[in-house]
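Hi everyone, thanks for coming. I'd like to walk you through one model today, so please bring it up on your screens.

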Amino acid sequence: MFRNFKMVSRVVFGRGSFNQLDEILAAERVNSETVMVFMIDDVFKNSPLGSRIPVKAHDLLLWVNVDDEPKTVYVDELTRRVQNEMESAADALPGGIIGIGGGSTMDLAKAVALMLTNPGSSADYQGWDLIQQPAVYHAGVPTLSGTGSEVSRTTVLTGPDKKLGLNSDYTTFDQLVLDPELLSGAPADQYFFTGMDCYIHCIESLTGTYLNTFSQTYGEKALELCREVFLGDPSDRDDKLMMASYCGGMSIVYSQVGICHALSYGLAYILGLHHGIGNCVAFDYLEDYYPEGVREFRQMMSRHHIVLPRNLMADVNETQLEKMIDVALVLEPLWENALGVNWKQIMTRAKIKELYQRM
Ligand code: NAD
Ligand code: ZN
């Protein structure tokens with residue numbers, strides 16, 4: 001059976017395209033009282049971008065904080081804030097949720113859009129295809145590129161007992177505004193770590209057992225763009241990274257990521273290590289599994305003067321280490337993609353432990 005997956009319905013790309021957001025949303029406003037909810041990374045408070053949000057009188061502007069990556073409790077809290085606001089509005093639901101920021105903010109927006117129409121806590125839906133009801137209209141505006149969250153059918157959340165996405169066809173954005181100008185202020189290290197997320201998506205997808213021509217086509221293009229951005233010096237690097245992220249995301253939609261991502265989820269769960277940097281830490285120890293990718297990744301790191309944190313396990317106790325292994329092992333499709341159907345015979349708890357202990 002072939003998967004019939006949902007793609008983003010509409011995409012606008014180009015420098016300055018953010019200026020079209022107002023017009024794009026106008027088509028989604030049923031009447032003058034329709035509420036649009038803008039969820040924007042609070043790093044943009046008092047920044048030029050912060051003052052360019054096309055907010056109308058009835059709209060809600062929510063500054064979101066992503067010092068910690070998205071948690072289910074935070075999603076539930078934001079959902080309640082929107083619901084409270086809607087009590088005094090003409091309609092029961094907002095006309096749309098617009099997430100403006102990096103992968104974390106986009107994931108928060110996707111999750112709130114889902115939780116407005118699905119009862120209970122977002123933690124109840126961590127897994128694959130547990131969401132039953134369509135989300136409210138949601139649009140994504142990336143200000144960092146690499147995660148592929150803009151095209152993916154998941155929103156990655158840390159819950160009470162696992163870090164796992166709400167994977168569903170309803171999760172995918174309805175609209176994207178891809179404006180490379182929005183990447184310009186990103187700190188160099190963060191730009192690199194998020195960019196490497198895309199590079200690692202490509203390596204894991206292209207070397208995986210789930211690979212097919214659809215994924216390969218997008219993965220190869222994304223990889224080529226990552227190489228231009230991180231090993232060359234193109235004048236349009238932000239445009240290129242934005243499209244690399246898009247294509248890298250498209251590649252994994254129809255395949256999967258692999259070992260690096262599984263280990264990175266464990267690092268995030270116990271140490272709170274953010275996704276991009278966690279991937280870089282883990283990838284550096286995976287030469288046995290991704291030899292060429294790891295070599296090229298090291299070239300990119302040295303070119304960009306990146307120093308990774310080391311000795312991360314110094315304060316991790318045995319119980320925490322076991323939990324990290326549990327978190328990594330939940331992600332069965334990732335292991336199967338990387339190592340094949342008999343992955344359990346290759347990747348034992350002891351082997352995962354040894355990898356973590358080296359980090
Ligand atoms: P992020 O959104 O966590 O942001 C990282 C930091 O950069 C934050 O401090 C943020 O405030 C800041 N920032 C963002 N844009 C900026 C800009 N233009 N200028 C200055 N500062 C800026 O980073 P990310 O790497 O894009 O996202 C990581 C998150 O994405 C993780 O939570 C991860 O789980 C998730 N993710 C989701 C998917 C998916 O398919 N849904 C895939 C991969 C990763
Ligand atoms: Zn990733």
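I'll go through a metal site and then some helix packing.

One thing to keep in mind is that this is a predicted model.

Let's begin with the zinc ion, ligand 2. Which residues donate to it? The protein donors are Asp-197 through OD, and His-201, His-261 and His-275, each through NE2. They lie 2.1 to 2.2 Å from the zinc ion. Along the chain, the donors follow the spacing D-x3-H-x59-H-x13-H. One pair in there links distant parts of the chain: His-201 sits in helix H4 and His-261 in helix H7, residues 259–271, and the two are 60 residues apart.

The crossing is left-handed. On the H4 side, the contact is made by Phe-192, Phe-193, Met-196, Asp-197, Tyr-199, Ile-200, His-201 and Ile-203. On the H8 side you'll find His-275, Gly-276, Ile-277, Asn-279, Cys-280 and Phe-283. By class, that contact has nine nonpolar, four polar and one charged residue.

Next, H7. Its axis and that of helix H11, residues 332–339, come within 8 Å and cross at roughly 150°, which makes H7 roughly antiparallel to H11. Ile-259, His-261, Ala-262 and Leu-263 of H7 meet Leu-334, Trp-335, Ala-338 and Leu-339 of H11. Seven of these contact residues are nonpolar, one is polar and none is charged.

My last pair is helix H5, residues 213–231, with helix H6, residues 237–253. Their axes are 8 Å apart, at an angle of about 155°, so these two are roughly antiparallel to each other. H5 passes H6 in a left-handed crossing. Residues meeting there include Phe-214, Tyr-218 and Leu-225 from H5, and Leu-241, Met-243 and Cys-247 from H6. The contact of H5 with H6 has 12 nonpolar, four polar and three charged residues.

That's my tour, and I'm happy to take questions.

Definitions and conventions: Residues numbered from 1 in each chain as written. Chains lettered and ligands numbered in written order. Predicted model: local features only at pLDDT ≥ 70, side-chain atom pairs only at ≥ 80, totals over all residues. Heavy atoms only, no water. Left-handed = near helix turned anticlockwise from the far one by under 90°. Helix = DSSP H or I, 4+ residues; strand = E, 2+ residues; numbered from the N terminus. Contact = heavy atoms within 4.5 Å. Nonpolar A, V, L, I, M, F, W, Y, C, P; charged D, E, K, R; others polar. Donors = N, O, S within 2.8 Å, 3.2 Å for Na, K, Ca; no water. Axes fitted to C-alpha atoms, helices over the stretch in contact; angles between N-to-C directions. Parallel < 35°, antiparallel > 145°, perpendicular 65-115°, else oblique.
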